[in-house]
Amino acid sequence: MKIILNLFRILVGVLFIFSGLIKANDPLGLSYKMDEFFEVLHLTFLSPYSLAFSIVMNVFEIVAGVAVLIGYRMRTFSILLLLLIAFFTFLTGYALFSGTIRECGCFGDCIKLTATQTFWKDIALFVMILLIVVKRNDIKPLFKGTGVIMLLATVCSFGLQWYTLRHLPFFDCLPYKVGNNIPEKMKLPPGATPDVYQMTFIYEKDGVKKEFTDKDYPWSDSTWVFVDRIDKLVKKGNAEPAIKDFILTDAEGGNQTQSILEEPKPVYLFLVLNTDKAGSGWDDKLKALQARQQKGEIEIFGVSASTKEQIAAFKQQHGLNFQFFQMDGVAIKTAGRSNPTLILLEKGTIIGKWSYHDIP
């Protein structure tokens, strides 16, 4: 039994440390996943605190994993781990059986697990932690001074996340990482089949609404009045493009995506998710880039999910004279983990990416 107990301690400790570290690399990503759970569970009032929850949870996973490995205060940490894994099992079970959430984000964006894989992983962890709880009085500290190790683990866990939030993740596991070509990532993987949709038209005549497809649409009867169009999923594909929402629209609603991706000059995209919450201290660096743009060396475009009025006020406040496009907020959050983020493109390939603290 002692051998099994020690094996379970190693497995649980290493897995929790690894899970905490990989999410601490990108705490904002976990907070976005938490927002998704809050929305599904009708707990949206917790969304403003999702980043704080993310940071604290990552620290606890790392610290608890270290505690299990070195045998630090097992009476306390074994119970806390059991409560945590019970909570995780409930969430992953809900995600699996409700079908509302495809991925739990337990290993961040670097290692994606399906809802089924995550649920059974948590079941296995629950069994191992349960044995640790039962035998917690038999687990003694490996050496003196374990409290110092725990303090270092706590400080390093907070420090790592402070750094990645101020700058960018050490390891970019998202499709907008440096080196990726955006047009290539917008394509389906080789051999994959896309989703198949059927256009359904809703028309009304004499107060009666009826659905038509393009095959039975009453072309010869002009008394039918168009009401709406619905795209119904007929057949689910087996894959999706890594990038599917990179669409840049100008103030008139025109799609400028292709022209930006094919621009022969180096293109800087200044991503500002929310102009009202944008960080500061980058003005002089952007003005230096604007000077290069005026010389014809480069192109700069702003990208934001804010309204046209907010963008106009933002440009005036910071003295920006380059054009802004609008893009979906989810795409901006995926492309840049700081607000703002600067991305350098060369014919659609990402050459550089910087937090607003690190703009060269």
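The legends below accompany close-up views of a predicted model.

In this predicted model, local features need pLDDT of at least 70 and side-chain atom pairs count only at pLDDT 80 or more, while totals for chains, interfaces and linings use all residues. Residues are numbered from 1 along each chain as its sequence is written, and side-chain values use heavy atoms, with hydrogens and water left out.

**View A. The disulfide between Cys110 and Cys173.**
A search of the whole structure finds one disulfide, a term that stands for a pair of cysteine sulfur atoms within 2.5 Å. This disulfide joins Cys110 to Cys173, with an S to S distance of 1.8 Å. The torsion about the S-S bond of Cys110 and Cys173 is about 80 degrees, so the disulfide is right-handed. Cys110 lies in the loop between helix H4 (74–98) and helix H5 (115–134), whereas Cys173 lies in the loop between helix H6 (146–166) and helix H7 (182–185), so the pair ties together parts that are 63 residues apart in sequence. Helices (H or I, at least four residues) and strands (E, at least two) are DSSP runs, numbered from the N terminus. Cys110 counts as partly exposed at 31% relative accessibility, and Cys173 likewise counts as partly exposed at 31%; buried means under 20% relative accessible area, exposed over 50% and partly exposed in between, with a 1.4 Å probe and protein chains only.

**View B. Cys156, a cysteine in no disulfide.**
The cysteine sulfur nearest to Cys156 is that of Cys110, which is 20 Å away. Cys156 counts as exposed, at 53% relative accessibility.

**View C. Ser31 in helix H2.**
Ser31 has its place in helix H2, which covers residues 27–40, and at 2% relative accessibility it counts as buried. When residues up to four places away in sequence are not counted, Ser31 touches Ser50, Leu51 and Ser54, where contact means heavy atoms within 4.5 Å.

**View D. Helix H5 and its crossing with helix H1.**
At 1.5 Å a residue, the 20 residues of H5 should span 28 Å, and its end C-alpha atoms are 29 Å apart, which agrees; the expected span is 1.5 Å times one less than the number of residues in the helix. The buried residues of H5, among them Phe119, Asp122 and Leu125, pack against helix H1 (2–24), helix H3 (50–70) and H4. The axes of H1 and H5 come within 9 Å and cross at roughly 130 degrees, which makes H1 oblique to H5. The contact is made by residues including Phe8, Val12 and Leu15 of H1 and Leu125, Met128 and Ile132 of H5. Axes are lines fitted to C-alpha atoms, for helices over the stretch in contact, and angles run from 0 to 180 degrees between N-to-C directions; those under 35 degrees count as roughly parallel, over 145 as roughly antiparallel, 65 to 115 as roughly perpendicular and the rest as oblique.

**View E. The cis peptide bond from Asn339 to Pro340.**
The omega of this peptide bond is near 10 degrees, and Pro340 has its place in the loop between helix H11 (329–335) and strand S7 (341–346).

**View F. Positive phi at His42 and at Lys347.**
His42, although not a glycine, has a positive phi of about 60 degrees; His42 lies in the loop between H2 and H3 and is exposed, with a relative accessible area of 69%. Lys347, also a residue other than glycine, has a positive phi near 50 degrees, and its place is in the loop between S7 and strand S8 (349–355). At 57% relative accessibility, Lys347 counts as exposed.
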